[in-house]
Structure formats: C-alpha cells, structure tokens
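Hi,

Here is the structure I said I would pass on. Have a look at it first, and then read on for what turned up.

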Amino acid sequence: MSSRSSYLSALISTKGNLSARGIGYLPSRFLILSEFASGSVDNMPMDFSMYLGQINDAVIAENGPNLAFLLRPTSPHGKDLVKEFRHPTKQSMRRYEGAIASPWDEIAISYVLTCAHIARKRYGEAFKEQTQLVSEQRLDITCIVLDIKGPEGSGFRLQADLHAKYNNQKSEAMEEAARVIAKAFSNCMTDRISPPTESRKWGIYYVVGLILKCYFRVGPFNPLSFEKYAIKLASRRKIKRISLSKNILRALQANDIPPLSAYPRSHQVTYRYYIGMLSFLNEDFVKAEEELTLAFYNCHVDAHSNQERILAYLIPLRIIKGHLPSDELMNRFPVLKDLYHPFISSIKTGDLAAFDRALDKLEHQLLELNLWFALEKAREICMRSLFRRAWIASDKGTRIPISIFSAALKVSGIETSEEETECFIANMIHRGYIRGYISHERQIVVLAQTNSFPRVVERPSPFATMSL
C-alpha cells in the first residue's frame, strides 16, 4: 500500500496540539510545556552532567520550551546519553540522586532509562517507566511528563500497544495513559485555593487535549510496519475510548472555569477539533461543521498536518452543504486530494457511476475513518447534477418526462426502471434539490418556472436528512 494510502487510515489520529507552535503564557506553578518546542538547546554532544545542568537552568528560568526539548526522547542528546551509559539501570543511576533539586533529579534519571528502552525497541518498558514516574511525583509539577516528550510520547504509547498485539501479549498503554492524565485533570479542576493568575485551571484545556488525544489515537506509529495491526486494534477500542470523553466534557460544563476564549489559541484549536470529531461521530453535523471550521481557521498556518486532519472531516460536511473545495486547496493537501478528488469530479460532471465506483474502491478506508456515511449522503448532490444536466439538455423546459431522467441514469451507467427513477425524483423534490412536483398519471415532472434546480447551498437544513 502506498504511503499516502497508509496515512489515510491514520488521519483521525492527532499529532499533538493543533495550533500555534508555542502555547502562550501560563503560571509557573503549573508548568505546561510546549509540544512544539524548538531545539533551542545547543545540539552539541552532551554528557549527563551537562544534561543535569541544562535541566536545572531551564527549571530556574521557568523556560518551558527548553525543558520540553530536554525531556523529549527523540531529541539529539537522548542518543548521546544512551551511548554514555550503554545499559543504565535505576541502581546504577542512583548516584545522581540529589544532583539537582527534587523531583527533577528523578525525572532526569527516568529520561535516560526511557531513552534506553526506546533505543532497544522496548516500548512497553518505556511507557511503564514514564507512568511510574508520574505516579510517584506530585501531579501539579509532573502531570505532563507523560507527554512532554512531544508528539512521539503518544506515538510510543501506541507503539507499546501494537508491539504487544503483534507478539500476542496484552497491553493497554493508551488507556493507562488516559487514566494517569485524568488525575492531572482532576487536580486542575479542583484548584480553588490558588490566586486566579496562578490557578491550575489555566492548564485544563491543555490536559483535556492530552486525554482526548489518547481516546482518539488509533493510527499507527509506523504505518509501514504496524498498519494492519493498528486497524484491528483501533476498530475494537475506538467506541469505548470515545464514550469515555463524555465524563470529561460533563466535568468541564459543571465547573467554574474561565471562558475558552481566554485560553491560548493552541488549547482552543485542539479542544474544538476534538469536539468537532465527537459531534461528527454522534451525527451532530451542524455542531461538527461549526467546531471544525473554527479549528481550521485558527490553526497555525505552518501546522500543515493538523490542517489536513481537520479538513479530512470538514470537507465532506462542506460538500453536503454545497461548497466544493477549490483546486488550490486540494493541491495544498495531496493526501486529501487523492481521497476526495474522485467524488468532487463526479459531482461536477454528474457522473453517478464514477461516484459509486469511488465509494466501492475506497470503502475500507472510508469506513475506518468514519467518512463513508457522509460521502454516501453526498451521492444525492451528484444525482442532482445529473438530473440538472438532463434538464438543460431538454432546453430547460418545465415539463420533463420521467423517461428523460431515466435515460440520463442509464447513460451514466445506472440501470433503473422508470418507477425507481420516479422515486429518486420524489426524494430530490422532498429534499429541496428540485422545485416542482410529479404528475404520476402523465409520467412527467412539472418544474417551477424559475429556479427549478436551486443551488445546493440554498437548502435551509442540509444536514436534516443525514440520520440513519
């Protein structure tokens, strides 16, 4: 399977927060670290003593981005530390305890052990090391240790699950990660003592983003190696994970917290993306379109992959409303162009048979992405285009025999009887695609004198008929 096709099955997964590369100012008491921190720390070879010093400097300076970079397993110095210690253990690293202020000495030691596990592809052990660290330390300081490793953090949690699945072992790393981070969420929500500017509540939406990322993370860490196992793993756990998000959202609504607009834009975009996804899966398409649109227009201009994930679900909703994406937009996102171009082209030309062929060809991917139902509903717009072309070919008359529309379907490659064609036309009229009525006795369609085929965007409730 091509790399683009492999990536499609992972579009629902999220790569960290979905907006700006920095997360803005947050009180130092609740030290949230940016997942998009740049490598501002010098990339020279680093030994552990130098590493401890840089962590200590970053903590004293309250420099979250640098600290995030220092604690990310894929940062260059991670390999340097693995080479220095070769086979580190907690016992051999104990001599470094107290080298810097607690708990950062233990966090630094845990980082070395985690990097060593990852270097040897022991992803389950790497996850356990992080989980144990978070459980043993104060959550208000280290609640984000589970994710300060950046997007790769969630990656090797999934890798741990997939590796265990591949070896017929039991692993629930992603669920355990969500449970641990949920404790941090509870800590944030119950902070009623701190001054407003230092309240842990300013970290609520960041932590919610981490939890929802765990619930939604179903794509493979390495698509080429693990794709077929990821799909099976995802399909079994997806519904269970997503249902758990309801508890988090209820807690948000019941608590007295600042409005969403007061939080950093990156937190807002991440939250809106997941709310849009939940609404999409719950068939609340109006809210899904609203939230995904806000997420897309507020997403950082350089966050290409995140824009791509948002558009994967926003495009079909916009198509149903009658807004086809431009060629310029599609050219910016080749993966989405491969997925949606057959449908967009069919709608423009009224080629219903081509639309059906695309649905059949991409059925597996669309079902995995929960997009099949939405695109199947867009088939009505393709049929409307076909019937409109038949009407134009009949000199835009107001009385068109049903046989004309039936012939149009047959030319398009759809074999139907005139009775079935009459049923299709009735549905088109009922749903606002055609203005007129059917004379059953005369077997003709009587169209309105003006605006016989209203623009799709003019329908008052385009999502009203989208229910199973």
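Before we start, one term: when I say two residues are in contact, I mean that they have heavy atoms within 4.5 Å. Also keep in mind that this is a predicted model.

Let's begin with phenylalanine 355, which sits in helix H18. Which residues does phenylalanine 355 contact, once its neighbours within four places in sequence are left aside? The list is Phe343, Ser346, Ile347, Leu375, Ala378, Arg379 and Cys382. Is phenylalanine 355 buried or exposed? Its relative accessibility is 0%, and buried means under 20%, so phenylalanine 355 counts as buried.

H18 covers residues 352–361 and H21 covers residues 379–393. Their axes come within 9 Å and cross at roughly 160 degrees. Angles over 145 degrees count as roughly antiparallel, so that is how H18 runs relative to H21. The crossing of these two helices is right-handed. On the H18 side, the contact is made by Leu352, Phe355 and Asp356, and on the H21 side by Arg379, Cys382 and Met383. Sorted by type, the residues of this contact come out as 4 nonpolar, 2 charged and no polar. Cysteine 382 is buried too, because its relative accessibility is 0%.

Now for another pair of helices. H4 (residues 76–85) packs against H6 (residues 104–119) at an angle of about 90 degrees, and the axes are 9 Å apart. The range from 65 to 115 degrees counts as roughly perpendicular, so H4 and H6 fall under that heading. From H4, the residues making the contact are His77, Gly78, Leu81, Val82 and Phe85; from H6, they are Tyr111, Val112, Cys115, Ala116 and Ala119. This contact divides into 8 nonpolar residues, 2 polar and no charged. Cysteine 115 has a relative accessibility of 4%, so this residue counts as buried.

A disulfide is a covalent bond between the sulfur atoms of two cysteines. How many disulfides are there? Taking a pair of cysteine sulfur atoms within 2.5 Å as the rule, the count comes to 0.

Cheers

Conventions: Residues numbered from 1 in each chain as written. Predicted model: local features only at pLDDT ≥ 70, side-chain atom pairs only at ≥ 80, totals over all residues. Heavy atoms only, no water. Axes fitted to C-alpha atoms, helices over the stretch in contact; angles between N-to-C directions. Helix = DSSP H or I, 4+ residues; strand = E, 2+ residues; numbered from the N terminus. Parallel < 35°, antiparallel > 145°, perpendicular 65-115°, else oblique. Nonpolar A, V, L, I, M, F, W, Y, C, P; charged D, E, K, R; others polar. Buried < 20%, exposed > 50% of the residue type's maximum accessible area, 1.4 Å probe, protein only. Left-handed = near helix turned anticlockwise from the far one by under 90°.
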